Structures are given as structure tokens and as C-alpha cells.
Amino acid sequence: LGDVYKRQDISLNDRVEFTNDENSMIFISLHGNALPDNQDPMKHSGTEIYYYYNQAKPLADWIMNAMVNELGVNNRGIRQQSFAVVRNTNALSLLIETGYLINPSDNAKLIDKEFQKKTAKAIADGIENYLIKY
């Protein structure tokens with residue numbers, strides 16, 4: 001969202017509106033995953049990607065492949081879901097759950113600056129590969 005929204009809380013609707021106003025081609029929403037209280041955090045680790053429109057599925061495939069190959073994350077799947085940020089945007093839109101906040105191993109990676117840079121690179125590589133192929 002650029003410097004306009006730096007260090008601010010942005011509502012889901014504002015994210016969608018900004019993306020649509022800018023006529024973005026691709027929209028990626030990064031998240032840290034969570035679990036209900038009764039789930040064992042040690043049994044859940046890795047990355048999930050969500051899309052709504054079928055046109056975004058190939059992009060999700062390319063990004064997941066890059067994340068698994070470059071980061072060694074556990075592939076927890078690519079799923080179709082009706083989340084606001086992937087349903088209401090005009091761009092190819094994905095919601096990426098990069099890891100589980102309550103899993104100690106995932107959390108250690110998520111707060112590591114080097115892992116954050118590698119994650120950004122893997123996502124960018126996935127986007128680049130998608131754009132080259134499509």
C-alpha cells in the first residue's frame with residue numbers, strides 16, 4: 001500500500017478500495033495464521049494460500065511452489081475461500097498465511113528479518129514465474 005498507509009491499521013475494505021482504485025493487476029495479503037484454543041499448535045505448521053476466483057489459482061500455485069522450494073515451508077494447501085480481500089478485489093488476489101503465530105518454530109521464522117526477506121523474495125519469484133508463463 002506504499003507510504004500512504006505506512007504504520008497504520010488499514011481496514012479490509014480500505015485495502016480492497018485502494019487496490020481497486022489503483023487498478024492493480026495483483027493483490028497479495030500476507031497474514032500470520034492462528035488456531036482455535038482447542039487445537040495443538042505443534043500439529044500445525046506451514047503456509048496456506050487462499051483465493052476466491054479461479055483465475056487466481058495458477059498464481060497461487062506458482063507462489064506456493066516458490067515458497068516451498070526456496071523456504072522449505074510445509075505446504076498446507078491452496079484453497080478457495082470467500083475472504084473479503086480476495087473476493088472483492090478486481091485484481092488477481094491471494095491471501096497468504098505465511099506460518100502459524102502460535103507454533104514456536106513458525107513464529108521464530110516469522111519474526112526473523114532474514115526469513116521475512118526470503119519470504120518476500122519467494123513470493124516475488126512466484127509472481128515473476130507466473131507472469132512469464134501467462
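Trainee: What is the order of the strands in the open sheet?

Mentor: Good place to start! Keep in mind that this is a predicted model. The sheet is open, has four strands and shows mixed pairing. From one strand to the next, the twist averages 15°. Read across, the order is E1-E4-E2-E3.

Trainee: Which strands stand at the edges, each with a single partner strand?

Mentor: A strand with a single partner has one side left without a neighbour in the sheet, so it stands at an edge. That is the case for residues 26-33 and for residues 75-80. These edge strands are E1 and E3.

Trainee: In which sense do E2 and E3 pair?

Mentor: Strands of a sheet can pair either parallel or antiparallel, through backbone hydrogen bonds. Strand E2 covers residues 47-51 and is joined to E3 over four bridges. Tyr 50 stands opposite Arg 79 in E3. The sense of the E2 and E3 pairing is parallel.

Trainee: Which residue forms a salt bridge with Glu 48?

Mentor: The structure holds four salt bridges, and Glu 48 takes part in one of them, with closest N and O atoms 3.1 Å apart. Glu 48 lies in strand E2, and its partner, 28 residues apart, lies in strand E3. That partner is Arg 76.

Trainee: Which charge gathers in the surface patch with Glu 17?

Mentor: Glu 17 is found in helix H1, residues 12-21. The patch also includes Asp 14, Asp 21 and Glu 22. Their charge is negative.

Technical notes. Residues are numbered from 1 along each chain as its sequence is written. This is a predicted model: local features need pLDDT of at least 70, side-chain atom pairs count only at pLDDT 80 or more; totals for chains, interfaces and linings use all residues. Side-chain values use heavy atoms; hydrogens and water are left out. Patches are made of residues with over 30% relative accessible area and no salt bridge: like charges are joined within 9 Å, nonpolar side chains (Val, Leu, Ile, Met, Phe, Trp, Tyr) within 5 Å. Accessible areas come from the Shrake-Rupley method with a 1.4 Å probe; for residues, only the protein chains shown count as cover. A salt bridge is a side-chain nitrogen of Lys or Arg within 4 Å of a carboxyl oxygen of Asp or Glu. Lys and Arg count as positive and Asp and Glu as negative; His and the chain ends are not counted. The place of a charge is taken as NZ of Lys, CZ of Arg, CG of Asp or CD of Glu. Helices (H or I, at least four residues) and strands (E, at least two) are DSSP runs, numbered from the N terminus. Two strands pair if DSSP finds at least two bridges between them. Axes are lines fitted to C-alpha atoms, for helices over the stretch in contact, and angles run from 0 to 180 degrees between N-to-C directions.
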